[in-house]
Amino acid sequence: MNVKLQREHLNHDYGIKSDGLSNSTLNLFVNIPSHWEIKRLQFISQKVQTGTTPPTTNEEYYQNGTIDWFAPSDFIENQIYLKKAKKKLNEKSLQDGIVKCFPRGSILIIGIGATLGKVGLLDIAATSNQQINAILLNKDIEPKFVAYHLSVLQEIMKVISSATTIGILNQEKTKLIPLAIPPLNEQKLIADYLDRETTQIDNLIAAKEQMLTLLEEKREAIISRAVTRGLDPNVAFKRSGLDWLGDIPQHWEIKKLKFLIQNLEQGSSPQASNIPAEADELGILKLSAVYKGIFFRHENKALQQADENVIHAHSLRKGDVLITRGNTPQLVGDVCVVPRNEPNLLLPDLIYRLTIGESEISPEFLSLFLITPQARSQIQSDARGSSGSMVKISQGHILDWRIPVPPKYEQESIIDAIEYEQEKTRELKNALTDSIALLKERRAALITAAVTGQIDLEDMS
């Protein structure tokens with residue numbers, strides 16, 4: 001069946017608006033073996049149910065929980081099996097009929113949000129929140145096969161879920177998902193094959209990701225030592241007077257930040273779109289533009305227009321030190337330096353800008369110090385907020401932060417040394433990142449080929 005006929009087939013027989021699908025997705029169903037069938041999910045399942053969330057005012061359902069309660073954040077990238085949820089509910093939530101318990105072997109699909117269509121296979125009996133649909137399959141269907149198959153159909157699910165405002169994959173739309181179904185013995189053979197092969201790939205990915213983690217830890221250790229102890233191994237030390245900082249080189253000073261800067265300000269938050277600005281468009285930064293000392297200029301939202309005075313006052317300049325004033329406790333107070341003038345990028349309300357008096361401290365040295373574990377302990381102790389997930393720091397706290405200040409020439413030497421060390425590992429990090437991306441592509445391609453009958457059964461066994 002060619003792609004044009006496949007589009008007509010999906011439109012007519014399955015009610016799927018296939019104009020929104022790429023040719024590669026349509027080809028999933030073009031060359032399946034002749035003895036396989038294309039079936040909607042509703043014809044291979046006993047039941048499709050949506051999870052629930054007990055009222056948060058009823059704390060009794062959340063106390064001493066023993067039943068895993070899955071949310072979208074519990075779905076791990078490139079992992080089919082769901083073994084443990086971060087949160088649990090207690091037996092009373094089941095007894096009162098507040099939530100439904102889904103048996104082991106049920107398939108969970110996220111039905112709303114950025115991860116819509118993400119799939120997991122319950123390896124335990126569990127329940128889920130209202131963002132997730134659970135599918136209990138017929139007895140003659142292998143759950144592992146269906147879970148793998150659904151994991152490469154996210155594009156189809158997004159098309160099926162389309163609506164005028166936000167995509168929602170409800171129970172009825174979930175039932176429309178088409179799958180290529182072989183006989184049960186082949187389903188089991190394919191699922192076992194994919195278990196073996198994806199485990200090997202996942203182990204390789206995990207090993208490379210661990211190497212990236214170790215490289216990042218090495219980077220953080222090098223920065224922390226250099227900006228708090230200096231580069232000279234024979235230097236004499238003195239007490240800093242700050243428990244969280246410890247000893248510092250004898251010739252360094254400790255100063256409050258307010259004596260090292262010219263200005264501290266925050267931006268504004270005009271209404272913006274959800275897409276990044278083009279090169280010649282105005283954009284306002286997102287919090288994600290500031291991360292562990294690095295400025296990510298593409299993390300912005302496009303603005304249709306802005307007042308000229310606002311543009312003049314809040315556009316970014318080379319050497320600006322940016323500090324996030326509101327975020328999670330782990331990320332609040334994150335910092336970076338703007339490396340060049342950015343006349344089209346504006347400062348938002350949730351990010352502070354420090355203008356540095358460069359006679360005593362360089363923006364780069366200050367930024368490097370503020371991302372160290374020592375500085376983070378000072379920052380997090382100042383964070384305030386009623387919500388555990390979102391806290392803020394005030395201008396007054398920032399101005400009172402204590403900063404170790406070496407002579408200016410020594411700051412420059414420290415910055416150069418750190419950059420030299422980072423350059424040595426940058427090529428290795430890039431190679432690891434590229435290798436991980438290729439492995440993930442191979443994993444998806446392998447699953448796609450197996451669940452559409454493109455791999456010989458003898459090769460699998």
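Trainee: Which residues are buried in H9?
Mentor: First the idea: buried means under 20% relative accessible area, exposed means over 50%, and partly exposed lies in between, using a 1.4 Å probe and protein chains only. Helices (H or I, at least four residues) and strands (E, at least two) are DSSP runs, numbered from the N terminus. In H9, the buried ones are Pro363, Phe365, Leu366, Ser367, Leu368, Phe369 and Leu370. That makes 7 of the 8 residues of helix H9 (residues 363-370), so the helix is largely enclosed by the rest of the structure. For the chain, buried residues make up 44% of the 461 residues.

Trainee: What should I know about where these numbers come from?
Mentor: This is a predicted model, so local features need pLDDT of at least 70, side-chain atom pairs count only at pLDDT 80 or more, and totals for chains, interfaces and linings use all residues. Residues are numbered from 1 along each chain as its sequence is written, and side-chain values use heavy atoms, with hydrogens and water left out.

Trainee: Where is confidence lowest, and where is it highest?
Mentor: pLDDT is the predictor's confidence in each residue, from 0 to 100. The chain has a mean of 89, and 93% of its residues reach 70 or more. Confidence is lowest in helix H1 (residues 3-14), with a mean of 51, and highest in helix H4 (residues 143-151), at 97. Over residues 1-5 pLDDT stays under 50, and the model has 6 contacts beyond four places in sequence for them; contact means heavy atoms within 4.5 Å. Where pLDDT is low, the predicted coordinates should not be read in detail.

Trainee: At what angle do H4 and H7 pack?
Mentor: Axes are lines fitted to C-alpha atoms, for helices over the stretch in contact, and angles run from 0 to 180 degrees between N-to-C directions. H4 and helix H7 (residues 184-229) pack at about 60°, with axes 8 Å apart. On the H4 side the contact uses Lys144, Phe145 and Tyr148, while the H7 residues include Gln187, Ile190 and Ala191. By class there are 5 nonpolar, 2 polar and 3 charged residues. Here Ala, Val, Leu, Ile, Met, Phe, Trp, Tyr, Cys and Pro count as nonpolar, Asp, Glu, Lys and Arg as charged, and the others, Gly among them, as polar.

Trainee: Which residues of H7 meet H9?
Mentor: Ile223, Val227 and Thr228 in H7 meet Phe365, Leu368 and Phe369 in H9. This contact has 5 nonpolar, 1 polar and no charged residues. The two helices pack at about 120°, and their axes are 9 Å apart.

Trainee: In what order do the strands of the open sheet run?
Mentor: Two strands pair if DSSP finds at least two bridges between them. Here 3 strands form the open sheet in the order S5-S3-S8, with mixed pairing. The edges are strand S5 (87-89) and strand S8 (127-128), each pairing on one side only. Strand S3 (residues 67-70) pairs with S5 in the antiparallel sense over 3 bridges, and Ile67 has Leu89 as its bridge partner in S5.

Trainee: What is phi of Asn78 near?
Mentor: Near 60°, a positive value in a residue other than glycine. Asn78 sits in the loop between S3 and strand S4 (81-82), and counts as partly exposed at 24% relative accessibility.
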